[in-house]
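Good morning, colleagues. Please look at the sequence and the model on the screen, and I shall then take you through selected parts.

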Amino acid sequence: MRAKITCSLVMTGMLLGGPGFVSRAAAQATITSVVKQVAHRVAGGDWQESKSGTKLAAGASVRTGKRSKCEVKLGPNIIRLSERSAITLRGNQISLDDGKLYGDFKEDTIIKGGKTTATIKGTEVYIGFDADGNLVVECLSGGPVLLDLG
């Protein structure tokens, strides 16, 4: 998998400080906005319809359907999922399983997409997959972003 990057960044073979880079306690996640078809599940559970105010524990996944979107607040961070997107929350780590997300990250957050890992803080970013399955990271403001291209 290749990554297309359009922002200030530092590329390393290993994330600064390794996998434990995010050391603060896991933040509580809440779905704050739902448009059309949005579902969530706890690790290994069944998908359930999501509503604004739904609390999400570590290991929970969220997905959006066709022409749907949602917003998730993770501590002070805001994550917006586009249509046909899916994420899994693992404490302060987010796996982008499918689709695209916009994020306004005030605190350290690690985002994984395919084999690529981005460590983000103080940055507004768009992250998604292009038609060829390559991860696209676009910084809208702030920076830097540390990438591990796996």
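His40 touches Ile31, Asp46, Trp47, Gln48, Glu49, Ser50, Thr54, Leu56, Ser61 and Val62, leaving aside residues up to four places away in sequence; contact here means heavy atoms within 4.5 Å. This is a predicted model, in which local features need pLDDT of at least 70 and side-chain atom pairs count only at pLDDT 80 or more, while totals for chains, interfaces and linings use all residues. Residues are numbered from 1 along each chain as its sequence is written, and side-chain values use heavy atoms, with hydrogens and water left out.

His40 belongs to strand S4, residues 38-41. Strands (E, at least two residues) and helices (H or I, at least four) are DSSP runs, numbered from the N terminus. Is His40 buried or exposed? His40 is buried, with a relative accessible area of 10%; buried means under 20%, exposed over 50%, and partly exposed in between, with a 1.4 Å probe and protein chains only. The side chain of His40 also forms a polar contact of 2.7 Å with the side chain of Ser50. A polar contact is a pair of N or O atoms within 3.5 Å; within protein, one must be able to donate a hydrogen and the other to accept it, and residues adjacent in sequence count only if both atoms are side-chain atoms.

Trp47, one of the residues that His40 touches, has the charged end of Arg63 over its ring, 4.0 Å from the ring centre. For such a case, NZ of Lys or CZ of Arg must be within 6 Å of the ring centre and within 35 degrees of the ring normal.

Let us turn to the protein as a whole. The secondary structure comprises zero helices and 17 strands. Of the 150 residues, 44% are buried. Among contacts with a separation of 6 or more, 48% are between residues 24 or more positions apart.

Next, the interior. In soluble globular proteins, nonpolar side chains tend to be buried together. The largest nonpolar core here has 28 residues, and those with the most contacts inside it are Leu56, Val62, Ile79, Ile87, Ile94, Ile120 and Ile127. Such a core is a set of buried Ala, Val, Leu, Ile, Met, Phe, Trp, Tyr and Cys residues joined through side-chain atoms within 4.5 Å. Ile120 touches Phe105, Glu107, Asp108, Thr109, Ile111, Val125, Ile127 and Val145, again not counting residues up to four places away in sequence.

Leu89, in strand S10, is buried, with a relative accessible area of 2%. Beyond four places in sequence, Leu89 touches Ala29, Leu56, Ala58, Gly59, Ala60 and Ile94. The C-alpha atoms of Leu89 and Ala58 are separated by 5.5 Å, although these residues are 31 residues apart along the chain.

Finally, the backbone. Most residues other than glycine have a negative phi, and most peptide bonds are trans. Which value does phi of Arg67 take? Phi of Arg67 is near 55°, a positive value. Arg67 is in the loop between strand S7 (61-64) and strand S8 (69-74), and is exposed, with a relative accessible area of 56%. Arg84 likewise has a positive phi, of about 50°. Arg84 is in the loop between strand S9 (77-81) and strand S10 (86-90), and is partly exposed, with a relative accessible area of 49%.
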